[in-house]
Amino acid sequence: MSSDLTIELAPTSSPHSAQERARLLADPGFGQVFTDHMVSISYTQDGGWHDGTLTAYAPITLDPATSALHYGQAIFEGLKAYHQPDGSVALFRPEQNAARFQRSARRLAMAELPTELFLDSVRALVRADRDWVPTRPGESLYLRPLMFATDPFLGVRPSLTYRYLLFASPAGNYFPGGVRPVSVWLSTEYVRAAPGGTGEAKCAGNYAASLVAQAQAAEQGCDQVVWLDALEHRYVEEMGGMNLYFVFSDGRLVTPELTGTLLPGVTRDSILHLAPDLGLDAEERRITTEEWERGCADRSISEVFACGTAAVVTPVGEVKHAGGSFSVADGEPGAVTMKVREALLGIQQGTAPDPHGWMQRVV
Ligand SMILES: *Cc1c(COP(=O)(O)O)cnc(C)c1O
């Protein structure tokens with residue numbers, strides 16, 4: 001049966017030389033350097049999940065009628081492997097990504113990849129490409145699982161066949177020059193997700209729909225777009241591809257509650273669990289743009305930060321909307337933001353204890 005599938009190892013005969021790899025790892029940036037291998041697993045209705053292989057990273061061939069290219073049955077994940085002080089490599093909460101990948105698949109009427117197969121694929125790739133895991137502080141190996149519909153068929157219905165791919169990309173320090181707050185544009189013209197839509201799923205189409213709003217934010221001189229609820233354009237949902245936290249001056253953390261239109265981030269969830277360890281009360285509830293602006297004016301909101309796998313924790317300094325703009329405190333990274341950031345990074349990089357058992361050693 002499919003869940004007993006093991007991943008066959010067929011490593012490349014022409015990996016990058018150690019010298020080439022070192023050159024690529026010197027300044028990897030984000031999402032532009034790829035390692036030597038990838039994993040592929042196929043799904044058919046009759047055969048279930050089959051043909052799990054680890055092979056050379058290489059282009060793939062697709063029929064022009066491939067249904068994902070037309071109707072968008074395509075989902076993905078993002079997680080990281082971190083170099084540890086003892087020389088091992090560990091993953092951060094990979095079972096959370098496996099579970100979310102299944103929920104995304106369900107929402108898009110796609111086949112669900114068994115958790116163990118997802119985890120096996122990640123472990124196999126990290127083991128094969130362990131020399132690609134960067135070792136400097138703030139660096140990591142970013143892992144990108146994805147799945148798409150492969151039926152060569154133009155009829156509109158869920159595909160009967162799927163392809164799962166996993167590849168890896170070394171990621172540099174997101175803030176090489178030190179943590180810098182971002183400016184955000186509150187979008188009222190565009191929405192990311194509406195009730196009953198796909199906002200909770202990590203699907204390709206959500207990102208396609210977000211790009212014009214991100215371009216509008218850039219035109220307004222802002223780094224990122226902040227999404228509001230689709231019905232009233234009042235409630236804050238998230239920022240670009242990251243979730244948001246509001247720090248109140250009495251030490252409370254508030255993050256927008258998961259109403260079905262927000263992407264439930266693993267980083268968001270981790271901060272909810274970490275907050276009590278740091279002496280902070282964390283609360284999930286709805287928060288309006290008026291409360292945000294008023295809170296910054298009367299100083300009851302002292303910091304705002306965004307969180308996600310790629311940048312971990314990013315302070316928000318400036319807010320702009322159709323009716324004006326305001327700053328969060330003095331626009332500098334706040335003490336609570338930096339405390340949360342350091343606490344998470346400490347666990348991920350193995351320089352702090354891991355009381356919640358979040359790290360999984362792979363090799
Ligand atoms: C992936 C993602 C996040 C952050 O999730 P993490 O699991 O913390 O990386 C937040 N918002 C959107 C829209 C996302 O796609």
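Colleague: By class, what residues make up the lining of the second largest pocket?

Modeller: Count 11 nonpolar, six polar and five charged residues in that lining. Bear in mind that this is a predicted model.

Colleague: How much space lies in the second largest pocket, and which residues lie nearest its centre?

Modeller: The space is about 230 Å³. Of its 22 lining residues, Gly-138, Ala-171, Gly-172, Asn-173 and Tyr-174 lie nearest the centre. Two elements each give two or more residues to this lining: strand S5 (79-83) and helix H8 (335-348).

Colleague: Where does the second largest pocket lie relative to the domains?

Modeller: Look at who supplies the lining. Domain 1 (8-171) and domain 2 (182-348) both contribute residues, so the second largest pocket lies between them.

Colleague: Now the largest pocket. What is its volume, and which residues are closest to its centre?

Modeller: Its volume is about 910 Å³. The lining holds 41 residues, and Tyr-174, Tyr-207, Gly-241, Met-242 and Ala-310 are the closest to the centre. Elements giving two or more residues include strand S7 (140-149), strand S8 (161-171), helix H5 (204-219) and strand S15 (301-308). By class, the lining has 18 nonpolar, 16 polar and seven charged residues. Domain 1 (8-171) and domain 2 (182-348) both line the largest pocket, so it too lies between them.

Colleague: Why does Arg-123 count as buried, and what salt bridge does it form?

Modeller: Buried means under 20% relative accessible area. Arg-123 has 19%, so it qualifies. Its salt-bridge partner is Glu-116, with the closest N and O atoms 3.1 Å apart. Glu-116 is partly exposed, at 44%.

Colleague: Which salt bridge links distant parts of the chain?

Modeller: Take Arg-21 and Asp-131, which meet at 3.9 Å, N to O. Arg-21 sits in helix H1 (residues 18-26), Asp-131 in the loop between H4 and S7, and 110 residues separate them. Arg-21 is buried at 16% relative accessibility, whereas Asp-131 is partly exposed at 47%.

Colleague: How many salt bridges does the whole structure have, and which residues form a network?

Modeller: The search finds 18. Asp-250, Arg-252, Glu-283, Arg-285 and Glu-291 are linked in a network. Another pair is Asp-151 with Arg-157, at 2.8 Å between the closest N and O atoms. Asp-151 is buried at 6%; Arg-157 is partly exposed at 35%.

Note on methods:
Residues numbered from 1 in each chain as written. Predicted model: local features only at pLDDT ≥ 70, side-chain atom pairs only at ≥ 80, totals over all residues. Heavy atoms only, no water. 1 Å grid on protein atoms, 1.4 Å probe; cavity = no way out; pocket = protein on both sides within 12 Å on 5 of 7 lines; lining within 4 Å. Points joined across faces, edges and corners; volume = space filled by probe spheres on them. Helix = DSSP H or I, 4+ residues; strand = E, 2+ residues; numbered from the N terminus. Nonpolar A, V, L, I, M, F, W, Y, C, P; charged D, E, K, R; others polar. Domains from an automatic or database assignment. Salt bridge = Lys/Arg side-chain N within 4 Å of Asp/Glu carboxyl O. Buried < 20%, exposed > 50% of the residue type's maximum accessible area, 1.4 Å probe, protein only.
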